[in-house]
Amino acid sequence: MSPEEKFLEELNIFRNEVMLASKFLYTELAIRNIANKNKNILDALNYSPTFWNTILSALQNSTFITFGRIFDNNGKNSINTLLRVIQKNKNIFTKESFANRWTKNQDRNKIDHWLPEYLKKVYVSKDTNLVDFGKFIEKQKKIYKQLYRPVRDQFGHKIYNKNEDVKVLFDKIQINELEKFCVRLDGIHEALWQLYHNGRGPLLPIKQGRYSTKNILKTKFEPYVAKPANVQFIDEVT
């Protein structure tokens, strides 16, 4: 497998895991928010409380288990693996590599006459950019380790049996920060995808997409317009 193939494989795995985490998190939060604001829906859920509590619990559990896979130090495929591939193969982000990908692309090679002009705008990451990007990833890993890994370990290994001990873990988590964290991971994928496929940069700062479930539920979106993944997950609940 070539360095570019390995990078694309790891980037795709990362994207799929982030989409899963986003799906689980925003589906759960959308259900809870809608039920809290609509008594009729809350009453309907309460007709089958065991079922709905099971669904919400499974979604919550799956969110943190997926985070665990993304940040697993010992995992075969994780954000650590993706970062190592990037650091070992920096040349895949050069203008030469971009031009080579352009000419091999069946759609783009039909417009080769635009390549010289396009290359003038292609962003090339310097070593310092990739170092800073690595530090940014390390910061996300630290957030995960401090706030979300203890919850993941509780779900995966049942460390605490007393409700008050479990409550301590969840009391440290703020929903809006959890939403930001999940959307930030999606932003990491988007930055790498744009750099590789379109030559757009820089990697940092990561663009912070819409993250608040409450605010998204209040927003009216134009029909037939593409929505961010988390917005789509919330929209399907409504």
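This is a predicted model: local features need pLDDT of at least 70, side-chain atom pairs count only at pLDDT 80 or more; totals for chains, interfaces and linings use all residues.
Pockets were examined in the model. Rolling a probe the size of a water molecule over the atoms shows where empty space is left. The largest pocket has a volume of about 460 Å³. Its lining is made up of 23 residues, and those nearest the centre of the pocket are Asp186, Gly187, Glu190, Ala191 and Lys207. Three helices, α1 (3–37), α9 (175–198) and α11 (229–237), each supply at least two residues of this lining. The largest share comes from α9, which contributes seven residues to the lining of the largest pocket. When the lining of the largest pocket is divided by class, twelve residues are nonpolar, six are polar and five are charged.

The second largest pocket holds about 300 Å³ of space. It is lined by 18 residues, of which Glu28, Leu29, Gln60, Ile175 and Leu178 are the closest to its centre. Two or more residues of this lining are given by each of α1, α3 (49–71), α9 and α10 (213–218). Here α1 gives the most, with six residues. The lining of the second largest pocket consists of seven nonpolar, seven polar and four charged residues.

Arg101 is located in helix α5, which covers residues 95–104. Arg101 is classed as buried because its relative accessible area is 15%, and the cut-off for this class is under 20%. When neighbours within four places in sequence are left aside, Arg101 is in contact with Glu4, Ile92 and Tyr196.

The structure holds 15 aromatic pairs. One of these is formed by Phe64 and Phe67 in an edge-to-face arrangement, with a distance of 6.1 Å centre to centre and an angle of 85° between the planes. Phe64 and Phe67 are three residues apart in helix α3 and are therefore separated by about one helical turn. An α-helix has 3.6 residues a turn, so residues three or four places apart point the same way. Both Phe64 and Phe67 are buried.

Phe71 and Tyr144 form a stacked aromatic pair, with 4.9 Å centre to centre and 15° between the planes. This pair links distant parts of the chain, for Phe71 lies in helix α3 and Tyr144 in helix α7 (residues 127–157), 73 residues apart. Phe71 counts as buried because its relative accessibility is 4%. Tyr144 likewise counts as buried, at 6% relative accessibility. Phe64, Phe67, Phe71 and Tyr144 belong to a cluster linked by ring pairs, which also includes Tyr148, Phe155, Phe170 and Phe181.

Notes
Residues are numbered from 1 along each chain as its sequence is written. Side-chain values use heavy atoms; hydrogens and water are left out. On a 1 Å grid over the protein atoms alone, a cavity is a set of points where a 1.4 Å probe fits but cannot get out, and a pocket is an open set with protein on both sides within 12 Å along at least five of seven lines; lining residues have an atom within 4 Å of a point. Grid points are joined across faces, edges and corners, and a volume is the space filled by probe spheres set on the points. Helices (H or I, at least four residues) and strands (E, at least two) are DSSP runs, numbered from the N terminus. Ala, Val, Leu, Ile, Met, Phe, Trp, Tyr, Cys and Pro count as nonpolar, Asp, Glu, Lys and Arg as charged, and the others, Gly among them, as polar. Buried means under 20% relative accessible area, exposed over 50%, partly exposed in between (1.4 Å probe, protein chains only). Contact means heavy atoms within 4.5 Å. Rings of Phe, Tyr and Trp (its six-membered ring) pair if their centres lie within 6.5 Å; planes under 30 degrees apart count as stacked, over 60 as edge-to-face and the rest as tilted.
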